[in-house]
Amino acid sequence: YTDIQAEIGLALLKNLWMRDEQRIKNFKLLFNNLSTKAQSHLPLTLPETKNVFWRLPFLSAEPKNFKKYLLANQIDASQTNLVLANALPVFKEFLGAPAPNAELAHQTVFVPLHSSFNQKEIIRLAEVLNNYVKTA
């Protein structure tokens, strides 16, 4: 890293807790505005935990169609870029039954939930997700 990159990183660390607290609030607001059906597409969360999502995992049986739907609603979502180790040929000898994480990885779309989102944007995101699960 360059000196300027290091300085920027250190400056951002000063606001890390504030951004995390905002992400926690944003998730709670989103979750409370989602239908029960839309909530079922999210990972399970425990009430006593603080879930800090900057990209919210949303399960979809048709991730490509879901991403197209989001994009049509001006929401840029993505899937994971991580390689599943158990899908690599080098691990073939260790594979038995198909690993459940492969299906999970392929069906997960990450929806943005940034700390900079305001209440109006979060409620609109909830409406978009609620409308999707109504028609899916």
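Analyst: A residue is called buried when its relative accessible area is under 20%, exposed when the area is over 50%, and partly exposed in between, with a 1.4 Å probe and protein chains only. The model is predicted: local features require pLDDT of at least 70, and side-chain atom pairs count only at pLDDT 80 or more, whereas totals for chains, interfaces and linings use all residues. Residues are numbered from 1 along each chain as its sequence is written, and side-chain values rest on heavy atoms, with hydrogens and water left out.

Helices (H or I, at least four residues) and strands (E, at least two) are DSSP runs numbered from the N terminus. The protein chain holds 6 helices and 2 strands, in the order α-α-α-β-α-α-β-α from the N terminus on. Its C-alpha atoms fill a box of roughly 45 × 45 × 35 Å along the principal axes, and 29% of its 136 residues count as buried. With contact meaning heavy atoms within 4.5 Å, 74% of the contacts between residues at least 6 apart in sequence join residues at least 24 apart.

Two packed helices are described by the angle between their axes and the distance between the axes. Axes here are lines fitted to C-alpha atoms, for helices over the stretch in contact, and angles between N-to-C directions run from 0 to 180 degrees. Helix α6 spans residues 119-135, and its axis comes within 9 Å of that of α2, with a crossing angle of roughly 40°. This places α2 oblique to α6, because angles under 35 degrees count as roughly parallel, over 145 as roughly antiparallel, 65 to 115 as roughly perpendicular and the rest as oblique. The crossing of α2 with α6 is right-handed; a crossing bears that name if the near helix is turned clockwise from the far one by less than a right angle, and is left-handed if anticlockwise.

On the α2 side the contact involves Asn26, Leu29 and Leu30, which meet Gln119, Ile122, Leu125, Ala126 and Leu129 of α6. By class, these residues comprise 6 nonpolar, 2 polar and no charged; Ala, Val, Leu, Ile, Met, Phe, Trp, Tyr, Cys and Pro count as nonpolar, Asp, Glu, Lys and Arg as charged, and the others, Gly among them, as polar.

Helix α4 (residues 63-72) also packs on α6, at an angle of about 140° and with the axes 11 Å apart. That angle likewise makes α4 oblique to α6, and α4 passes α6 in a right-handed crossing. Phe66, Tyr69 and Leu70 of α4 meet Val128, Leu129, Asn131 and Tyr132 of α6, a contact with 6 nonpolar, 1 polar and no charged residues. Asn131 of α6 is partly exposed at 37% relative accessibility. The C-alpha atoms of Asn131 and Ala38, 93 residues apart along the chain, are 8.9 Å from each other.

Side chains of opposite charge can pair when their charged atoms come close. A salt bridge is taken as a side-chain nitrogen of Lys or Arg within 4 Å of a carboxyl oxygen of Asp or Glu, and the whole structure has 2 of them. Asp20 pairs with Arg23, their closest N and O atoms being 2.9 Å apart; the two stand 3 residues apart in helix α2 (residues 16-32), about one helical turn. Asp20 is buried at 15% relative accessibility, and Arg23 is buried with a relative accessible area of 15%. The other pair, Lys50 with Glu21, has an N to O distance of 3.6 Å. Because Lys50 lies in the loop between α3 (36-39) and β1 (55-59) and Glu21 in helix α2, this bridge ties together parts 29 residues apart in sequence. Lys50 is exposed at 62%, while Glu21 is partly exposed at 36%.

Most residues other than glycine have a negative phi, but phi of Gln74 is positive, near 60°. Gln74 counts as exposed, at 63% relative accessibility.
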